[in-house]
Amino acid sequence: MVGYDPKADVRSNSKFEVALAGSVSGFVTRALISPLDVIKIRFQFLSFEQLTELAHRTSLYDAHEFSAHFVCGGLSACMATLAVHPVDVLRTRLAAQGEPKIYKTLREAVMTMYRTEGPLVFYKGLAPTVIAIFPYAGLQFSCYRFLKHAYDWVLPGDGKQKGTGNLRSLLCGCGAGVISKTLTYPLDLFKKRLQVAGFEQARSTFGQVRSYRGLMDCTKQVLQDEGTQGFFKGLSPSLLKAALSTGFMFFWYEFFCNLFQCMREADR
């Protein structure tokens with residue numbers, strides 16, 4: 001169901017239904033896991049469906065290939081990331097400040113950051129974000145597809161049943177989230193550290209404050225000061241969040257797409 005399926009019949013979901021399913025799945029998932037990133041998921045599901053369809057129609061890839069899902073998933077996430085990156089920077093800044101708080105409200109944060117650091121402050125950490133999000137999202141979609149095939153191979157026919165089909169989506173989504181987050185976590189760590197650059201005074205109460213001149217400098221300092229294990233600080237809670245958010249994202253997306261199909265068939 002996730003991605004363009006050239007073998008699907010005329011009852012396949014319309015682009016509006018795909019966007020709606022992605023929006024609702026994003027809303028439900030983030031309401032359960034994190035109240036942000038709904039817009040990002042809306043962009044990402046809609047653009048993923050269109051990119052996989054384009055890849056099939058141009059005959060560059062079979063729409064079912066692992067590589068097609070990896071490339072299209074990565075590109076769709078990059079498009080969504082560019083649209084919502086300023087919100088991500090604001091979220092990181094608000095969460096990273098200590099006491100007393102530098103920003104008391106979101107409006108104050110926007111105005112202060114713009115006035116003191118310029119408009120480019122809202123795109124700090126963009127390079128590692130884009131570098132990380134492409135393989136992360138690509139692995140999410142491609143691993144999800146791969147795990148679904150593996151599930152069907154281990155338990156043939158089980159995924160076609162209504163209840164177990166939903167369980168398959170949840171389990172495969174959780175697995176895809178864990179795999180993708182583990183492989184790309186260091187870049188996510190670099191992103192967050194670069195996003196709080198120029199914000200050191202608000203973090204002085206936390207102890208030692210580090211400053212970085214860019215992605216390469218950040219990588220070098222982490223390796224020198226914290227060792228290779230420093231690249232994976234905070235991985236455990238991130239894996240839990242990635243498993244739940246990705247699992248529920250695919251679960252609800254598949255659920256609502258199937259629901260739309262059933263509603264359309266019932267009207268006929």
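1. A residue is called buried when its relative accessible area is under 20%, and by that cut-off Lys-191 is buried, because its relative accessible area is 8%. I begin with this residue, and with the term it needs, since several later points return to both. Please keep in mind throughout that the structure is a predicted model.

2. On the question of confidence, the mean pLDDT of the protein is 78, and 74% of its residues reach 70 or more. Where pLDDT is low, predicted coordinates should not be read in detail.

3. As for the overall fold, the protein has eight helices and zero strands, so that its elements, taken from the N terminus on, read α-α-α-α-α-α-α-α. Among the contacts in the protein with a separation of 6 or more, 77% are between residues 24 or more positions apart.

4. Turning to burial and surface, 48% of the 268 residues in the protein are buried. The protein exposes about 14000 Å², and carbon and sulfur atoms supply 66% of that area.

5. Which side chain meets Asp-88 in a salt bridge? The partner is Lys-191, with a distance of 3.2 Å from N to O. The pair links distant parts of the chain, for Asp-88 belongs to helix 3 (residues 66–96) and Lys-191 to helix 6 (residues 162–195), 103 residues apart. Asp-88 is buried, because its relative accessible area is 7%, and the value of 8% for Lys-191 places that residue in the buried class too.

6. Lys-191 also forms a salt bridge with Asp-188, where the closest N and O atoms are 3.3 Å apart. Both of these residues lie in helix 6, three residues apart, which is about one turn of the helix. Through salt bridges that share partners, Asp-88, Arg-91, Lys-181, Asp-188, Lys-191 and Lys-192 are joined into one network.

7. Asp-188 counts as buried at 14% relative accessibility, and Lys-181 is buried with a relative accessible area of 12%. In total, the structure holds 12 salt bridges.

8. The largest nonpolar core has 20 residues, of which Ala-21, Phe-45, Cys-72, Phe-141, Tyr-144, Phe-250 and Tyr-253 touch the most other members. Two or more residues each come from helix 1 (15–32), helix 2 (38–57), helix 5 (126–154), helix 6 and helix 8 (235–266). Helix 8 gives the most to this core, with six residues. Apart from it lies another core, of nine residues, including Leu-189, Leu-194, Val-222 and Phe-231.

9. Finally, a student looking at the surface may wish to find Trp-153, Val-154 and Leu-155, which form a nonpolar patch with about 390 Å² of accessible area together. Is Trp-153, one of these residues, buried or exposed? Trp-153, which lies in helix 5, is exposed, because its relative accessible area is 74% and the cut-off for exposed is over 50%.

Terms used
Residues are numbered from 1 along each chain as its sequence is written. This is a predicted model: local features need pLDDT of at least 70, side-chain atom pairs count only at pLDDT 80 or more; totals for chains, interfaces and linings use all residues. Side-chain values use heavy atoms; hydrogens and water are left out. A salt bridge is a side-chain nitrogen of Lys or Arg within 4 Å of a carboxyl oxygen of Asp or Glu. Helices (H or I, at least four residues) and strands (E, at least two) are DSSP runs, numbered from the N terminus. Buried means under 20% relative accessible area, exposed over 50%, partly exposed in between (1.4 Å probe, protein chains only). A nonpolar core is a set of buried Ala, Val, Leu, Ile, Met, Phe, Trp, Tyr and Cys residues joined through side-chain atoms within 4.5 Å. Patches are made of residues with over 30% relative accessible area and no salt bridge: like charges are joined within 9 Å, nonpolar side chains (Val, Leu, Ile, Met, Phe, Trp, Tyr) within 5 Å. Accessible areas come from the Shrake-Rupley method with a 1.4 Å probe; for residues, only the protein chains shown count as cover. pLDDT is the predictor's confidence in each residue, from 0 to 100. Contact means heavy atoms within 4.5 Å.
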